[in-house]
Amino acid sequence: MTRHFWIFAFLLLQPNFTQAFEYKLKPSLIAENTWVILGPNEEFTRENGGYEINTAFINTEEGVVVIDSGPSRLFGEALHAKIKELTNQEIIQVYLTNHLPDRFLGIQAFPLNLVAALPTTREQIKQVGPSLLDNMYRLVGDAMRGTELRMPEIEVVLTEMKFGSHRLKFWSLKGHTPGDLVILDQKTGVLFTGGVVFNGRAPTTPFADIGDWHQELELIEKIDFKLFVPSHGEVSTDTSAISDTREYLNWLDQTFQHSAAQGLHMMEVMTLRKPKSLKEKWELFEEEYPRTVVHLYPDYERDQLRLIGTPE
Amino acid sequence: MRRFTLFLAILLNSLAYVSADQPPASSPLWPLIHKKFLNGEEVVFDPKVRISIPKMSEDSLNFPVNVSWEGKEKAKRMLLLADLNPIIPIVDYYPEIANPSIATHIKIQQATPIRGAIQTEDGKWHVWAEFADASGGGCTTPSLGMTAGNWADHLGEIHAAVWQKEASEVDRVRFQIQHPMDTGLANNIPKFIINEIEIYAAESNRRLGRMEVFEPVSENPLFSLDFPRQEGYRIEAKDNNGLFVQGTSYYTKGVLSQ
């Protein structure tokens, strides 16, 4: 045995050397023919491969309808394989609920002529897709390997579609992002809220408009559903996560309004003392809050300033 | 045992080296920065230079920075630097009759120490730095306003407001100038920036502070400055294309309670 053999054998046994990143998908059945893959309440990390949201699929008589495709090519492929394994059916449609990278980058693993998104979502992917993709590589690393930008080829313009016995109803909303697709399966009463409702994990706000978001939450609260799948966190039967999300947005709005009216600059707003109840209620609050300040505070502070001079 | 002692000696030695000579946020460029921007003058690393930044940049075009001086000596110059930006200086502020604090937003090209160098009246530089992690691309990205169409209609406009800080004779002045702040590093877009700002007391016409502004300051630069109370503030700004703008802001806002 030469020394080289041992080095070779050693390298072979290194998990990172021999294997690509592997997503461990554990779909759970939440209603008739309806599966959800719950993401952990985490941020994008190398360990979770960028998967921290909830994705879902419905196994209809005609084939499988997928709702959101995950953060990477590898995830999309793992999802595709898992669906095959569980249902032994063809995939007939993939819906994207918004343009955030952990929802749409996985479409690479699906035929693009089956992938549907709102026109606004497609527009957003065109505009900010490349920088979102870059950032995912930076944050998540190896799990992104081979992931490239792809465009959904179908625009969701109808308000209803029928797949087998599952009649899906669509709402084209905005607030969390400029294009939020909310889907209700009228057969099972399961509401897929995309990124709009957060359950126990602090809301993310990179493309948010608080006023619009309020309106869409009000609308969602009125929808007659049995069960809803939030953006993050557990599947739930009552509306408390919806009102919690609304309360959180209210708190942000008031805090920013008050701070701007007092002339605080961004770093002062970031380091304000925050209510303990918020930190207890929302996982990752300390991580999300400074980001939200960067996203949303500029509009509030600009509102306070008055025109005092124009060039001569 | 002898080996262990040797190891210990090396370890202690290196620790001593870190505390004595290494800048607080270590950067390969520090010796160069010291020479080029501080003229190699006497420097102490001093945590009384307070640098308030987020740990992580969420938007590399809009990274908030607040530098203030908590020492007793009067600060005559406050120089903000980003070591690993392609253009290192951010702002060179002379708080003549002003409180030694400046807050603004900057572009960062990659993860970098953000450095505050404060020169006191005895000529000594007090330097501190904090590390900012960033996703990158801030300085080589064209301004967003340029693509928005009507930016030229509003070019150079100053918006401002003044607050009184409660229980102190200090005013908070915030102002924003509409300007693309193009660094000259994005393809086919020449450097186009606000490069000079002066602030005067509106009544006495006395200058309270002036600053040289550099490319890394964010598009539509927004500044927060603090002054001993005045009747009003006149702000003058120039850009590198000869544009001149001025405006006066009086106390307009409620009381700042923090």
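Helix H6 of chain A covers residues 210-222 in this predicted model. How far apart should its ends be, at 1.5 Å a residue? The 13 residues of H6(A) should span 18 Å. The end C-alpha atoms are 19 Å apart, which agrees with that expectation.

H6(A) has a buried face. A:Trp213, A:Glu216, A:Leu217 and A:Ile220 are buried. They cover an arc of only 105 degrees around the axis, so they sit on the same side of H6(A). Which residues are exposed on the other side of H6(A)? They are A:Gly211, A:Glu218 and A:Lys222. The buried residues have partners elsewhere in chain A. They pack against strand S9 (166-173), strand S10 (180-185) and helix H7 (240-261).

Now turn to the sheet of chain A. Here 7 strands form an open sheet with mixed pairing. Their order is S1-S2-S3-S4-S5-S6-S7. Which strands stand at the edges? They are S1 (28-31) and S7 (154-155) of chain A. Each has a single partner strand, so one side of each is left without a neighbour in the sheet.

For S7(A), the pairing with S6(A) can be followed residue by residue. S6(A) spans residues 115-117. It runs parallel to S7(A), and 2 bridges join them. A:Ala116 stands opposite A:Ile154 in S7(A).

Helix H3(A), residues 73-87, lies across S2 (34-37), S3 (55-59), S4 (64-67) and S5 (91-95) of chain A. Its direction is at about 35 degrees to S3(A).

The last stop is the contact between chains. How many residues of chain A are in contact with chain B? There are 25, and they meet 34 residues of chain B. On the chain A side, the elements giving two or more residues are helix H5 (119-140), helix H8 (266-270), helix H10 (285-304) and strand S13 (306-309). H10(A) gives the largest share, 5 residues. By type, the chain A side divides into 11 nonpolar, 8 polar and 6 charged residues.

Strand pairing also crosses from one chain to the other. S13(A) pairs with strand S9 of chain B, residues 158-165. The sense is antiparallel, over 3 bridges. Within this pairing, the bridge partner of A:Leu307 is B:His159.

Note on methods. Residues numbered from 1 in each chain as written. Chains lettered and ligands numbered in written order. Predicted model: local features only at pLDDT ≥ 70, side-chain atom pairs only at ≥ 80, totals over all residues. Pairing = 2+ DSSP bridges. Helix = DSSP H or I, 4+ residues; strand = E, 2+ residues; numbered from the N terminus. Contact = placed C-beta atoms within 7 Å. Axes fitted to C-alpha atoms, helices over the stretch in contact; angles between N-to-C directions. Nonpolar A, V, L, I, M, F, W, Y, C, P; charged D, E, K, R; others polar. Expected span 1.5 Å × (residues − 1). Buried ≥ 20, exposed ≤ 12 C-beta atoms within 10 Å, placed from the backbone. Arc of directions from axis to C-beta.
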